[in-house]
Amino acid sequence: MGNLDVVATTAHPVGRRPFDEAGEHMYARERQRQILEALTRTGRVAVTDLSAQFEVTTETVRRDLDQLADRGQLVRVHGGAVPRRTGDVEPDLESRRVTNIAAKRRIALAAAELLPTDPRSAVLLDAGSSTAELLPHLAGRRGPVITNAPAIAQGALVHTDLEVHVLPGRVRPTTAAAVGSTTVDALRALHPEIAFLGCNGLDIEGFTTPDPDEAAVKAAMVSSAAKRVVLADSSKIGARHLVTFAALPEVDTLVTDADIPTALLRQLIDAGIEVITA
């Protein structure tokens, strides 16, 4: 019998592009977005299931999960991943100042477009690294800037036309934010035109933070302001912490980055929230 030349071929479904090394790099962002959507729906993803779904190697999936875990968007477990949940260690202010800086600056730039047209309008700034990025965009305003963060107040003083107010209270070392009953009482007497808030977590249940005192202050900010805007980069999405300070319908606008999962985006819009991606 003569020798037969056998040519090995790899079949791919019609219309489906094979994921070679370049393809894996090109489609990583979309895969990771879909992984976060699956976590929102099911609460857990498995490496083997994702490998079959995306027609990539398990090593590629593990790399995707590791990158999402490094950004704080999920927690790696044996064989897959689960959403971030209550019990995560709360990062201090210095750590947050150097995390996702580029995204936070884009978010602040987009959020600045929401500032009231009247430069004398009162603006309330929550403590946090994202809200602090709004300070350069307050130049030229003449109205009150109210904050529970001494560091933000100090930064606002650079703009000498601003009328800076610091809320009273006990300053938490972790976040350098004033909290407590005196802070909440002071907020109840105020009615700013707009409040810009940060959060530690965001999912379909609402906006969350680990500390009850911090949550009470954020909730009072939500109640006091005519318009409520949350600034949150995508590392906060899918995380749920101990205390909910606002349900979805209590927030008017979310300003985030482009990595927000489509499923959660639809849920936010259905809840009446304007979502701006920067």
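Reply: Arg 172 forms a salt bridge with Asp 211, their closest N and O atoms lying 3.7 Å apart. This is a predicted model, in which local features need pLDDT of at least 70 and side-chain atom pairs count only at pLDDT 80 or more, while totals for chains, interfaces and linings use all residues. Residues are numbered from 1 along each chain as its sequence is written, and side-chain values use heavy atoms, with hydrogens and water left out.

Me: Why is the contact between Arg 172 and Asp 211 called a salt bridge?

Reply: The term requires a side-chain nitrogen of Lys or Arg within 4 Å of a carboxyl oxygen of Asp or Glu. The N to O distance is 3.7 Å, so the pair qualifies. Arg 172 and Asp 211 also belong to a salt-bridge network with Glu 214.

Me: What makes Arg 172 buried or exposed?

Reply: Buried means under 20% relative accessible area, exposed over 50%, and partly exposed in between (1.4 Å probe, protein chains only). Arg 172 has 9%, therefore it is buried. Asp 211, with 16%, is buried as well.

Me: Why is Glu 30 called partly exposed?

Reply: Its relative accessible area is 38%, so Glu 30 falls in the intermediate class. Glu 30 meets Arg 33 in a salt bridge (3.6 Å, N to O), and Arg 33 is buried, with 19%.
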